[in-house]
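This report goes through one protein model, from its overall fold to its core, its surface and its charged pairs. Please keep the sequence and the model in view while reading.

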Amino acid sequence: MTETMTPILKWQYEQLLKEMLLLQSHLTDQDCPCETESEMCVRKHLLIIEAYAQETIPLETDEDLQAKLQHLAVEAKQKRNAEERMLRGEDQGLAEEDSEWVRGWRKEFESRSLSEPNIS
């Protein structure tokens, strides 16, 4: 099901999905030197996912999607906190299995991102 949406909302969802795809890639590609040169790729993408989810909530008119975005923001923050504990040497951080978490969330929003922007 697709419906029209504002250009900014479409842009928000596209950015959110891009970050989710990048996070999935970092979690599954064991060759990525994610923690070299001060990059901290996983933490960076979790922070951006959290921010885009929070920023998209007031733009979204569908209450179910607003609730999902809120839930995503909370979970992304929890996973970011775990990753930060790992970077400080206190915990294990995220694992390859967490790619299924981000994949599941990506699937929740993919069809919404297919909506045509309403340019009027």
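The sections below describe a predicted model.

## Overall fold

The protein has 4 helices and 0 strands, and from the N terminus its elements run α-α-α-α. Of its 120 residues, 41% count as buried. Among contacts with a separation of 6 or more, 76% join residues 24 or more positions apart.

The accessible surface of the protein comes to about 7,100 Å². Carbon and sulfur atoms account for 48% of that area.

In soluble globular proteins, nonpolar side chains tend to be buried together. The largest nonpolar core here has 25 residues, and L16, M20, L72 and F109 touch the most other members. At least two residues of this core come from each of α1 (7-28), α2 (41-56), α3 (63-87) and α4 (98-113). The largest share, 7 residues, is supplied by α1.

Residues up to four places away in sequence aside, L16 touches I49, Y52, A53, L69, L72 and F109.

## A buried serine and a surface patch

S99 lies in helix α4. Its relative accessible area is 7%, under the 20% cut-off, so S99 counts as buried. Beyond its neighbours within four places in sequence, S99 is in contact with Q24, L27 and T28.

On the surface, I8, W11 and L59 form a nonpolar patch with about 260 Å² of accessible area together. L59 sits in the loop between α2 and α3 and is partly exposed, at a relative accessible area of 33%.

## Salt bridges

Side chains of opposite charge can pair when their charged atoms come close. The whole structure holds 11 salt bridges. One of them joins the side chains of E108 and K68, at 2.6 Å from N to O. Because E108 lies in helix α4 and K68 in helix α3, this pair ties together parts that are 40 residues apart in sequence. E108 is partly exposed at 34% relative accessibility, and K68 is partly exposed at 31%.

R85 and D91 also meet through their side chains in a salt bridge, at 3.3 Å from N to O. R85 is partly exposed, at 31% relative accessibility, as is D91, with a relative accessible area of 36%. Another salt bridge links K107 and E110, whose closest N and O atoms are 3.5 Å apart. Both residues lie in helix α4, 3 residues apart, or about one turn of the helix. A network of salt bridges links R43, E50, R80 and E84.

Technical notes: Residues numbered from 1 in each chain as written. Predicted model: local features only at pLDDT ≥ 70, side-chain atom pairs only at ≥ 80, totals over all residues. Heavy atoms only, no water. Buried < 20%, exposed > 50% of the residue type's maximum accessible area, 1.4 Å probe, protein only. Contact = heavy atoms within 4.5 Å. Areas by Shrake-Rupley, 256 points an atom, 1.4 Å probe, with all protein chains shown as cover. Core = buried A, V, L, I, M, F, W, Y, C linked by side-chain atoms within 4.5 Å. Patch = residues over 30% accessible without salt bridge, like charges linked within 9 Å, V, L, I, M, F, W, Y side chains within 5 Å. Salt bridge = Lys/Arg side-chain N within 4 Å of Asp/Glu carboxyl O.
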